[in-house]
Amino acid sequence: MAATAVARHGASIALACRVFGVSETCYRYDPKLRAENEEIADLLTGLTDACKTWGFGLCFLHLRNVNYGRDYTASLVADIVAARAGDGCPQCGEPMRMSRGVEVGNIFQLGTRYSEALGCTFLDEQGESHPIIMGSYGIGVGRLLGCIAEEHHDERGLCLPPAVAPYPIHLVLLSGKTGVADAAASELADALTAAGLEPLFDDRNEYAGVKFADADLIGLPLRINISERSLKQGSVEFKPRAGGEVFLVPLENAVEAARAMVG
Ligand SMILES: [Zn+2]
């Protein structure tokens with residue numbers, strides 16, 4: 001009877017737990033605590049019966065003139081304060097340091113709350129049925145990008161680390177009059193893609209300055225510029241996004257050199 005009352009009036013568990021000074025969360029999930037606090041179940045049964053008699057909902061019930069000591073005692077009495085910088089660690093005594101953080105992900109230990117409600121069970125070695133123990137684990141992809149931007153940027157834009165960049169290389173074509181650069185850039189784009197280094201290929205009809213500014217803003221790890229001028233020396237320009245000067249790499253070595261840097 002008591003157990004049925006608890007199950008039927010989950011909302012009033014909070015009230016009963018408050019009366020007996022027991023943490024509601026612990027009471028819900030800790031069978032030992034439930035066994036030790038039969039008076040909570042008894043109170044719920046009593047309240048349920050009373051409410052049925054008087055015809056109102058248990059969750060609207062409030063208790064008046066309740067006195068600590070006379071009507072209930074707490075199982076735990078403690079000083080509880082908001083922690084401040086410099087407070088001692090309860091485990092090792094070291095002073096606490098406060099710093100700003102970002103909730104990049106979170107976990108929720110759901111226990112058997114939902115599996116019980118939904119009848120989601122498994123059979124153990126003895127063939128006995130148990131509710132599965134559930135957890136919810138999340139990583140905020142948008143927040144993650146925000147954190148990366150905060151840590152990896154300069155005044156011109158993002159400086160994405162290779163591990164998280166959507167493309168390892170920003171291939172910038174600086175088209176000339178002859179079309180030589182266009183053909184070489186397309187070939188290089190194909191060769192990079194074949195080597196597993198698919199580039200973001202900027203073949204727009206824009207000024208070099210516009211393309212470079214966009215590449216810096218997007219922040220891919222390596223920019224490769226290909227132009228008639230560099231091709232006259234049989235080379236392309238490499239420019240690492242996170243610091244480092246422009247340097248020339250022979251066109252035939254470009255894929256290998258790129259792999260060494262961002263592969
Ligand atoms: Zn500590």
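Which residue takes a positive phi in the hairpin of β10 and β11?

Let me begin with the whole chain. The protein holds 11 helices and 11 strands. Its radius of gyration is 33 Å, whereas the globule rule gives 18 Å for 263 residues, so the protein is more spread out than a compact globule. If you follow the C-alpha trace along its principal axes, you find that it spans about 95 × 50 × 40 Å. Of the 263 residues, 19% are buried, and when we take the contacts between residues at least 6 apart in sequence, 54% of them join residues at least 24 apart.

A word about confidence before we look at details. The average pLDDT of the protein is 86, and 92% of the residues score at least 70. Among the elements, β8 has the highest mean value, 98, while helix α1, residues 2-8, has the lowest, 39. Over residues 1-9 the pLDDT is below 50, although this stretch does have 16 contacts in the model beyond near neighbours in sequence. Where pLDDT is low, the predicted coordinates should not be read in detail.

Five strands form an open sheet with mixed pairing, and their order is β8-β7-β9-β10-β11. The strands at the edges are β8, residues 199-202, and β11, residues 247-250; each has a single partner strand, so one side of each is left without a neighbour in the sheet. On average, and ignoring direction, neighbouring strands of this sheet are turned by 30° against each other.

On one side, β7 and β9 run parallel and are joined by 6 bridges, and here His 170 has Arg 223 in β9 as its bridge partner. With β10, residues 235-240, the strand β9, residues 222-227, runs antiparallel, and 4 bridges join the two.

Helix α8, residues 180-194, touches β7, β8 and β9, and its direction makes about 165° with that of β7, which covers residues 169-174. Helix α9, residues 208-218, also touches β7, β8 and β9, and its direction makes about 175° with that of β7.

How many residues of β9 are buried? The count is 6 of its 6 residues, and the strand is mostly covered. In a regular strand the side chains alternate between the two faces of the sheet. In β9, Leu 222, Ile 224 and Ile 226 point one way, while Arg 223, Asn 225 and Ser 227 point the other way, and all of them are buried.

That brings us to the nonpolar residues. In soluble globular proteins, nonpolar side chains tend to be buried together. The largest nonpolar core here has 24 residues, of which Ile 169, Leu 171, Ile 224 and Ile 226 touch the most other members. The elements that give two or more residues to this core are β7, α8, β9, β10 and α11, residues 254-262. To see one member in its surroundings, take Leu 171: leaving aside neighbours within four places in sequence, its contacts include Ala 185, Leu 188, Phe 201, Ile 224 and Ile 226. There is also a second, separate core of 8 residues, among them Val 22, Ala 41, Leu 43 and Leu 44.

For contrast, consider Gly 179, which lies in the loop between β7 and α8.

Finally, we return to the hairpin. Strands β10 and β11 pair in the antiparallel sense over 4 bridges. Phe 238 has Phe 247 in β11 as its bridge partner, and Phe 238 also stands in β10 opposite Ile 224. Between the two strands of the hairpin there are 6 residues, and the one that takes a positive phi, near 75°, is Gly 243.

Methods
Residues are numbered from 1 along each chain as its sequence is written. This is a predicted model: local features need pLDDT of at least 70, side-chain atom pairs count only at pLDDT 80 or more; totals for chains, interfaces and linings use all residues. The radius of gyration is taken over C-alpha atoms; the globule rule is 2.2 Å times the number of residues to the power 0.38. A residue is buried if 20 or more other C-beta atoms lie within 10 Å of its own, exposed if 12 or fewer, and partly exposed in between; C-beta atoms are placed from the backbone. Two residues are in contact if their C-beta atoms, placed from the backbone, lie within 7 Å. Two strands pair if DSSP finds at least two bridges between them. Axes are lines fitted to C-alpha atoms, for helices over the stretch in contact, and angles run from 0 to 180 degrees between N-to-C directions. A nonpolar core is a set of buried Ala, Val, Leu, Ile, Met, Phe, Trp, Tyr and Cys residues joined through C-beta atoms within 7 Å. pLDDT is the predictor's confidence in each residue, from 0 to 100.
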